[in-house]
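Open the structure in your viewer and keep the sequence beside it. This tour tells you what to select at each stop, and what is there.

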Amino acid sequence: QVRLVESGGGLVQPGGSLRLSCAASGLTFSGYAMGWFRQAPGKEREFVARISWSDGITYYADSVKGRFTISRDNTNNTVYLQMNSLKPGDTAGYFCALDRLGFMLRTDPIRYDSWGQGTQVTVSS
């Protein structure tokens, strides 16, 4: 049984930074990818970033490229999302999820499972 737990969200001023964590338990293989998604009120769940666990290949949504960095800690089975230069438009609930076919480089949230509970990020002055 895979469990993902997000943490690190909070309130930050525009231009500030936050680091989100996604701690994974119950993983028994490495041929997967972990993705970060976000969902603001009234909007669809949106892809943010993805990392392949085995080789560390990353992919970012255009809206966050250059500002956000996804990384992994193999020892602790944790994925991070470092968010810099935050904007009010980044305000959303942030979720991590598992793509069991990590080599396919998918960004559609329906292809992911084992979703975490989410952590709220609010960017406001």
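**Stop 1: A23 and its surroundings**

Select A23. Neighbours within four places in sequence aside, A23 is in contact with R3, L4, V5, N77 and T78. Bear in mind that this is a predicted model. A23 itself lies in strand β3. Is A23 buried, exposed or partly exposed? Its relative accessible area is 36%, so A23 counts as partly exposed.

A23 and V79 are 56 residues apart along the chain, yet their C-alpha atoms are separated by 6.6 Å.

**Stop 2: the open sheet**

Four strands make an open sheet in the order β1-β3-β8-β7, and the pairing is antiparallel. Select residues 3-7 for β1 and 68-73 for β7. Why is one side of each left without a neighbour in the sheet? Both strands stand at the edges and each has a single partner strand, so one side of each has no neighbour there. From one strand to the next, the twist averages 15°.

Zoom in on β7 and strand β8, residues 78-83. How many bridges pair them? There are six, in the antiparallel sense. Pick T69 and look across: Q82 in β8 stands opposite.

**Stop 3: the nonpolar core**

The largest nonpolar core has 35 residues. Select M34, W36, L81, M83 and Y94, the residues with the most contacts inside this core. The elements that give two or more residues to the core include β3 (18-25), β4 (33-39), β5 (46-52) and β9 (92-99). Which strand gives the largest share? It is β9, with five residues. There is a general pattern to compare with: in soluble globular proteins, nonpolar side chains tend to be buried together.

Stay with Y94. Leaving out neighbours within four places in sequence, the contacts of Y94 include E6, L20, W36, F68, L81, M83 and V121.

**Stop 4: strand β10**

Select residues 119-123, which are β10. Which residues form the covered face? They are T119, V121 and V123, while Q120 and T122 form the uncovered face.

Look for the partners of β10. Strand β2 (residues 10-12) runs parallel to β10, and three bridges join the two. Strand β9 runs antiparallel to β10, again with three bridges. Click on V121: this residue in β10 is the bridge partner of G10. A92 also stands opposite V121.

**Stop 5: aromatic rings**

Show the aromatic side chains. The whole structure holds six aromatic pairs. Select Y32 and W53. The centres of these rings are 5.6 Å apart and the planes are at 25°, so the pair is stacked. Y32 sits in the loop between β3 and β4, and W53 in the loop between β5 and β6 (58-60).

Next, select F37, F47, Y59, Y112 and W115. Together these residues form one aromatic cluster.

The charged end of R45 sits over the ring of F95, 4.1 Å from its centre. That charged end also sits over the ring of W115, at 4.6 Å from the centre.

**Stop 6: R67 in its loop**

Select R67, in the loop between β6 and β7. Is R67 buried or exposed? At 11% relative accessibility, R67 counts as buried. Show what surrounds this side chain. Neighbours within four places in sequence aside, R67 is in contact with Q82, M83, N84, S85, L86, K87 and D90.

**Stop 7: two serines with positive phi**

Select S85 in the loop between β8 and β9. What is the phi of S85? It is near 50°, a positive value in a residue other than glycine. Most residues other than glycine have a negative phi. At 41% relative accessibility, S85 counts as partly exposed.

Finish with S114, in the loop between β9 and β10. S114 is not a glycine either, and has a positive phi of about 55°.

Methods:
Residues numbered from 1 in each chain as written. Predicted model: local features only at pLDDT ≥ 70, side-chain atom pairs only at ≥ 80, totals over all residues. Heavy atoms only, no water. Pairing = 2+ DSSP bridges. Axes fitted to C-alpha atoms, helices over the stretch in contact; angles between N-to-C directions. Core = buried A, V, L, I, M, F, W, Y, C linked by side-chain atoms within 4.5 Å. Buried < 20%, exposed > 50% of the residue type's maximum accessible area, 1.4 Å probe, protein only. Contact = heavy atoms within 4.5 Å. Phe/Tyr/Trp six-rings, centres within 6.5 Å; stacked < 30°, edge-to-face > 60°. Lys NZ or Arg CZ within 6 Å of the ring centre and 35° of its normal.
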